[in-house]
Amino acid sequence: MAPGCAQVWGVDSSRPALEVAEQNAALNHPQLKDKDKNKEIEWIEANAFDLLKDYSSSGQRYDTIILDPRPSPKRSATWMPPSAAIKKLNLRALKMLRPGGILVTCSCSYHVSFPDFLGMLADAARDARRNLRLVEVRGQAKDHPVLLNGR
Ligand SMILES: C[S@@+](CC[C@H](N)C(=O)[O-])C[C@H]1O[C@@H](n2cnc3c(N)ncnc32)[C@H](O)[C@@H]1O
């Protein structure tokens with residue numbers, strides 16, 4: 001995102017994941033640091049649910065928001081059903097999107113089908129009182145095959 005955007009924030013609850021992301025950004029776009037020193041990516045270690053809640057209530061607005069969550073393991077203290085977690089995250093993001101903004105939202109949860117995912121997005125948009133239009137649907141890369149049936 002950084003070459004095309006004025007400012008970019010990258011959020012993850014995992015410090016090692018942020019470090020890898022920062023290394024990837026430097027490898028893919030070494031010119032960023034040299035050309036435009038003000039245009040560094042800000043890496044934020046935080047729980048996305050809490051961060052989005054704080055940011056949306058403080059009135060922060062963004063042109064583009066990308067969500068790529070991972071279903072939280074059932075043993076985690078903050079566990080909630082995948083569909084509920086996805087809806088909550090998308091709802092908070094939609095509240096922070098500027099009118100005409102772009103939400104890029106992903107799911108790799110085996111437990112949420114594509115039709116259910118779209119339904120959940122429509123519900124989140126209704127709750128956020130936003131009109132959401134589907135612009136493009138993409139799938140995963142070949143190295144991340146989708147499991148079609150469980151055992
Ligand atoms: C599917 S991966 C994202 C991969 C990344 N978009 C990429 O392309 O490399 C999911 C990421 O979500 C992070 N994560 C899981 N739960 C989170 C939470 N509650 N808040 C913030 N990040 C979380 C994990 O640490 C993991 O890096």
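Let's start at Arg 126, which is exposed, with a relative accessible area of 55%; exposed here means over 50%, buried under 20% and partly exposed in between, with a 1.4 Å probe and protein chains only. What you are looking at is a predicted model, in which local features need pLDDT of at least 70 and side-chain atom pairs count only at pLDDT 80 or more, while totals for chains, interfaces and linings use all residues. Residues are numbered from 1 along each chain as its sequence is written, and side-chain values use heavy atoms, with hydrogens and water left out.

Arg 126 has a partner in Asp 123: the two form a salt bridge whose closest N and O atoms are 2.5 Å apart. The term stands for a side-chain nitrogen of Lys or Arg within 4 Å of a carboxyl oxygen of Asp or Glu. Asp 123 and Arg 126 are three residues apart in helix 5, so about one helical turn separates them. Helices are DSSP runs of H or I with at least four residues, strands are runs of E with at least two, and both are numbered from the N terminus. Asp 123 is partly exposed, at 32% relative accessibility.

Just follow the chain onward from here. Arg 129 sits in the segment after helix 5 (114–127), and its phi is near 55°, a positive value in a residue other than glycine. Most residues other than glycine have a negative phi. With 77% relative accessibility, Arg 129 counts as exposed.

How many salt bridges does the structure hold? There are five. One of them joins Glu 45 and Arg 15, at 2.9 Å from N to O. Glu 45 belongs to strand 2 (residues 42–45) and Arg 15 to helix 1 (residues 15–28), so the pair ties together parts that are 30 residues apart in sequence. Both ends are partly exposed: Glu 45 has a relative accessible area of 44%, and Arg 15 one of 35%.

Now turn to helix 4 (residues 82–96), where Arg 92 is found. Is Arg 92 buried or exposed? Arg 92 is buried, yet has no salt bridge, and the nearest side chain of opposite charge, Asp 50, is 5.5 Å away. In this count Lys and Arg are positive and Asp and Glu negative, with His and the chain ends not counted. Leaving aside neighbours within four places in sequence, Arg 92 is in contact (heavy atoms within 4.5 Å) with Phe 49, Leu 52, Lys 53 and Ser 56.

Phe 49 leads us to the ligand, since the residues surrounding the ligand include Phe 49, along with Ser 13, Ala 46, Asn 47 and Arg 70; each has a heavy atom within 4 Å of it. A polar side-chain atom of Asp 12 lies 2.6 Å from an oxygen atom of the ligand. On the nitrogen side, a ligand nitrogen is 2.7 Å from a polar backbone atom of Ala 48, and a polar side-chain atom of Asp 68 lies 2.7 Å from a nitrogen atom of the ligand. The protein covers 59% of the 600 Å² of accessible area that the ligand has on its own, by the Shrake-Rupley method with a 1.4 Å probe.

Conventions:
A polar contact is a pair of N or O atoms within 3.5 Å; within protein, one must be able to donate a hydrogen and the other to accept it, and residues adjacent in sequence count only if both atoms are side-chain atoms.
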